[in-house]
Amino acid sequence: MRLAVTVLVLAMGAPTLVPAQDANVLHSVEYIEARLRAPELHILASEYARQLEGDRSRKVTLAGVDGEPDMDVHWKPVARGATGFNNEPRYELAAYRLQQFFLDEAEYVVPTTVLRAMALEEYSQIRTVEGPTLQNTNSVLFLLSYWLENLAVDTVDPFSQTMFDMNPRYAWAWGNVNLLTHLINHRDANHGNILVSLVDGNSRIFAVDNDVAFRSRVSDQGDRWRRLVVDRLPDETVARLRAVTEDELHEALGVLAEFTVEDGLLQPAERGPNLRPDRGVRVTQERVQFGLTEREIRDVHERIRDLLRDVDRGRITTFPRPVVTPDGDNLFESF
């Protein structure tokens, strides 16, 4: 049975359907984000995202309207108080935003992710909930992210040094994803957090569930991905990092999501000035903000600075974008 849940969001035009990026991401980022922020969520189906004890995440199918296709999304409730180990929505949002400094849309390694709010009464119609996410409100917060298609969830180490050495496009993809996990100080080496494309000829690799990162404590799975597992990085990506300033990081990551409080309900709002740079979750009577703290942003900038220093000193090498020949072979432009 189709269940329509109305959620107030910022006014926006109807999303325009565009061609798929590839077999892993079936739409443009702009289109996906518009769907994730749509005024109404028409839920067709819901199932556990992973068959793990205690996992609260769901794979949810959202119905399209006016001829649009259905869309699968990852629905993750936010912990009471809007913060908690392995449930830190601002870290998820920061990972998604940070990649935009050095990757083009077609090479994003973190799926499109938004933070939503829903009235407690409406939310209770579709999921069991103990109460509002934040005191003195009557709303529930949850993350929606695009459900990636045609990916392998490995129970063994997803990284292959042999493939990295032999396949240039595999090396390019791993260089980008490992750079992201290093910059966010990824601290959960669960193999299911790194997803590899199953599509022949498509070497995309993705990092998901990025909320054990930055200044989080380490998970019981270890923190392998916070280090650079690869010994060389894509030259274009490194070049773009050189242009990133600390001020730009503060502007992009200091405020990641914002809501106003109206009659006890959280309503999405345009990002405003940072209310408390020393806090990640900022709550006043009128507004709620999510962002990285000043210290967390400085950490990111310092990791970028240290990485570029290692590149300049030759401790980390770079390599050019691979070229695909007419017969399908992967070659480096020069190496």
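Which residues form one aromatic cluster? Phe-159, Phe-164, Tyr-170, Trp-174 and Trp-225 do.

1. Basis. This is a predicted model, in which local features need pLDDT of at least 70 and side-chain atom pairs count only at pLDDT 80 or more, while totals for chains, interfaces and linings use all residues. Residues are numbered from 1 along each chain as its sequence is written, and side-chain values use heavy atoms, with hydrogens and water left out.

2. Aromatic pairs. The whole structure holds 11 aromatic pairs (rings of Phe, Tyr and Trp, the last by its six-membered ring, with centres within 6.5 Å; planes under 30 degrees apart count as stacked, over 60 as edge-to-face and the rest as tilted). Tyr-96 and Tyr-108 are one of these pairs, edge-to-face at 6.3 Å centre to centre with 90 degrees between the planes. Because Tyr-96 lies in helix H2 (residues 89–98) and Tyr-108 in the loop between H2 and strand E5 (113–119), the pair ties together parts that are 12 residues apart in sequence. Helices (H or I, at least four residues) and strands (E, at least two) are DSSP runs, numbered from the N terminus. Both Tyr-96 and Tyr-108 are buried (under 20% relative accessible area; exposed is over 50% and partly exposed in between, with a 1.4 Å probe and protein chains only).

3. Tyr-170 and Trp-174 form a tilted pair, 6.4 Å centre to centre and 55 degrees between the planes. The two are four residues apart in helix H5 (residues 168–183), so about one helical turn separates Tyr-170 from Trp-174. Tyr-170 is buried, with a relative accessible area of 7%, and Trp-174 is buried at 1%.

4. Salt bridges across the chain. The search of the whole structure gives 25 salt bridges (a side-chain nitrogen of Lys or Arg within 4 Å of a carboxyl oxygen of Asp or Glu). One of them joins the side chains of Asp-22 and Arg-204, at 2.8 Å from N to O. This pair links distant parts of the chain, 182 residues apart: Asp-22 is in the loop between strand E1 (3–6) and helix H1 (29–36), and Arg-204 in the loop between strand E8 (194–197) and strand E9 (205–207). Asp-22 and Arg-204 are buried. Lys-76 and Asp-211 also meet in a salt bridge, at 2.5 Å from N to O. Here Lys-76 in strand E4 (residues 71–77) is linked to Asp-211 in the loop between E9 and strand E10 (232–234), 135 residues away. Lys-76 and Asp-211 are both buried.

5. In the salt bridge of Glu-88 with Arg-90, the closest N and O atoms are 3.3 Å apart. Glu-88 is buried at 9% relative accessible area, and Arg-90 is buried at 8%. Salt bridges with shared partners join Arg-215, Arg-295, Asp-299 and Glu-302 into one network.

6. Charges over rings. Arg-217 lies over the face of Phe-85, at 3.7 Å from the ring centre (NZ of Lys or CZ of Arg within 6 Å of the ring centre and within 35 degrees of the ring normal). Arg-232 lies over the face of Phe-319, at 5.8 Å from the ring centre.

7. Helix crossing. The axes of helix H6 (residues 235–242) and helix H8 (residues 294–312) come within 10 Å and cross at roughly 125 degrees. Axes are lines fitted to C-alpha atoms, for helices over the stretch in contact, with angles from 0 to 180 degrees between N-to-C directions. H6 is therefore oblique to H8 (under 35 degrees counts as roughly parallel, over 145 as roughly antiparallel, 65 to 115 as roughly perpendicular and the rest as oblique).
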